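Dear colleague,

Please find below the structure that I am handing over to you.

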Amino acid sequence: MNGVLPDTSLRQLIASGAISADQPILPEQVQPASLDLRLGATAWRLRASFLAGRGRRVGDRLKDFEMHRMDLAGGAVLEKGCVYLVPLMERLSLPQGLDAVANAKSSTGRLDLLTRLVTDEGTEFDRLPQGYDGPIYAEICPRSFSVLVRPGMRLNQLRLRQGQAVLSDAELRKLHAQEPLVTGEALIDDGLGFSVDLRPEAGDLVGYRARPHSGVIDLDRIGAYRARDFWDELRSTDGQLILDPGAFYILVSREAVAIPPDYAAEMAPYLAMVGEFRVHYAGFFDPGFGHGAAGRGARGVLEVRCHEAPFALEHGQVVGRLVYERMAARPERLYGSGIASNYQGQGLKLAKQFA
């Protein structure tokens, strides 16, 4: 059956050697509809981001871009504003009929840690064609905070799919009629639209803006940092927020969304010209997000970066969309059910490293 591969199929690919690794793949890497990828032991500081291009390997092109090599074994700091390339522990030998897409994990996006998958012969980031056989790399660019990393850390994840899996708008409306996907009215136009919440039900805290001169964040330290040392609170009583060029924001959707067990979703920009900002980074929503025990849905955290000009964001403005995909089969475990799901039932919430 066409669709996104569930955890059971991912384990089968690992057992067959289609997904292999320098060190044994850990059970906790296998998520309901994706596989967490681990940093290897080395990083290269680059003078520029690059793609290998057709007929060329990443390793052959490193000499054109590397500045120096770093050993991650004892922990190393990736500095804000710099570009790094890290070989991942995993290697892929995809069967024909399967392609793959990568995305940053939730906490990676909430730290403004731009992380993209790079492959041999690649002509775009985060995409692997059918039959890809080779190593994979993570390009990492810390945008707001310098971070301490070690081998084995999991910053991005891989989703595999077979055939056409995306729901049409007609199919999405039918699914919403059977099982509500969002609170309130569903805006369905090339996916399920969602808007920004700038009028919270309680209080006036609407989001956070990254502070420009903060300390280093050790990604292994959960709940260890005071938010006020890294973030400015944003408050509004008029339903408006003016975004500053170059600044990074954490906001939240007005709608609570749900992903039924037989589906997965990916966040995508609403329209390229909707405004002078980008909403995206961590784009995967697993089966079970905001569903089942959570019942009422869960709101999506929005990672927002403003570009060239100040932009006035209004309460209820549509800023993104969820593209729903069929699962090839229902996962054994759903998001928030017996696995370490840090953001089930979330509202406005920073990355897990903050108390």
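**The cavity**

The largest cavity holds about 40 Å³ of space. Please note that the model is a predicted one. A search of the whole structure finds 1 cavity of 30 Å³ or more. Which residues line the largest cavity? They are Phe194, Ser253, Val257, Met267, Phe285, Gly300 and Leu322. Sorted by class, this lining comprises 5 nonpolar residues and 2 polar ones, with no charged residues.

Several of these lining residues belong to strands described in the next section. Ser253 and Val257 are in the lining, and strand β20 runs over residues 248-257. Gly300 is also in the lining, and strand β24 covers residues 298-306. Phe194 and Leu322 line the cavity as well; strand β15 spans residues 192-195 and pairs with β26, which spans residues 318-326.

How many of the residues of β20 are buried? The count is 9 of 10, and the strand is therefore mostly covered. On one hand, β20 pairs with strand β16 (residues 205-210) in the antiparallel sense, over 2 bridges. Within that pairing, tyrosine 208 has isoleucine 250 of β20 as its bridge partner. On the other hand, β20 pairs with β24, again in the antiparallel sense, over 7 bridges. Here leucine 251 has leucine 302 of β24 as its bridge partner.

Strand β26 is largely enclosed by the rest of the structure, because 8 of its 9 residues are buried. Its antiparallel pairing with β15 extends over 4 bridges. In that pairing, arginine 321 of β26 stands opposite glycine 193.

Alanine 247 is placed in the loop between β19 (240-243) and β20. Is this residue buried or exposed? Alanine 247 has a relative accessible area of 12%, below the 20% limit, and so counts as buried. Leaving aside neighbours within four places in sequence, alanine 247 is in contact with Arg209, Val304, Arg305 and Cys306. Proline 200 is 47 residues from alanine 247 along the chain, and the C-alpha atoms of the two are separated by 22 Å.

Serine 236 lies in the loop between β18 and β19. With a relative accessibility of 9%, serine 236 counts as buried. A polar atom of the serine 236 side chain lies 3.0 Å from the backbone oxygen of glutamine 240. Neighbours within four places in sequence aside, serine 236 is in contact with Leu198, Asp204 and Val206.

**The open sheet and its surroundings**

An open sheet of 3 strands has the order β6-β12-β17, and its pairing is mixed. Why is one side of β6 and of β17 left without a neighbour in the sheet? The reason is that β6 (76-78) and β17 (217-218) stand at the edges, so each has a single partner strand. Strands β6 and β12 (residues 147-149) pair in the antiparallel sense over 3 bridges. In this pairing, alanine 76 has valine 149 of β12 as its bridge partner.

Aspartate 218 lies in β17. This residue counts as buried, at 10% relative accessibility. Its side chain makes a polar contact of 2.8 Å with the side chain of arginine 150. Not counting residues up to four places away in sequence, aspartate 218 touches Leu148, Arg150, Met153, Tyr225 and Gln353.

Phenylalanine 230 is in the loop between β17 and β18 (231-235). Phenylalanine 230 is buried, with a relative accessible area of 5%. Its contacts, with neighbours within four places in sequence left aside, include Phe145, Arg209, Arg211, Ile217, Tyr225 and Phe354. Arginine 211 is 19 residues from phenylalanine 230 in sequence, and the C-alpha atoms of the two are 5.3 Å apart in space.

With kind regards

Technical notes:
Residues numbered from 1 in each chain as written. Predicted model: local features only at pLDDT ≥ 70, side-chain atom pairs only at ≥ 80, totals over all residues. Heavy atoms only, no water. Buried < 20%, exposed > 50% of the residue type's maximum accessible area, 1.4 Å probe, protein only. Pairing = 2+ DSSP bridges. Polar contact = N/O pair within 3.5 Å; in protein donor to acceptor, adjacent residues only side chain to side chain. Contact = heavy atoms within 4.5 Å. 1 Å grid on protein atoms, 1.4 Å probe; cavity = no way out; pocket = protein on both sides within 12 Å on 5 of 7 lines; lining within 4 Å. Points joined across faces, edges and corners; volume = space filled by probe spheres on them. Nonpolar A, V, L, I, M, F, W, Y, C, P; charged D, E, K, R; others polar.
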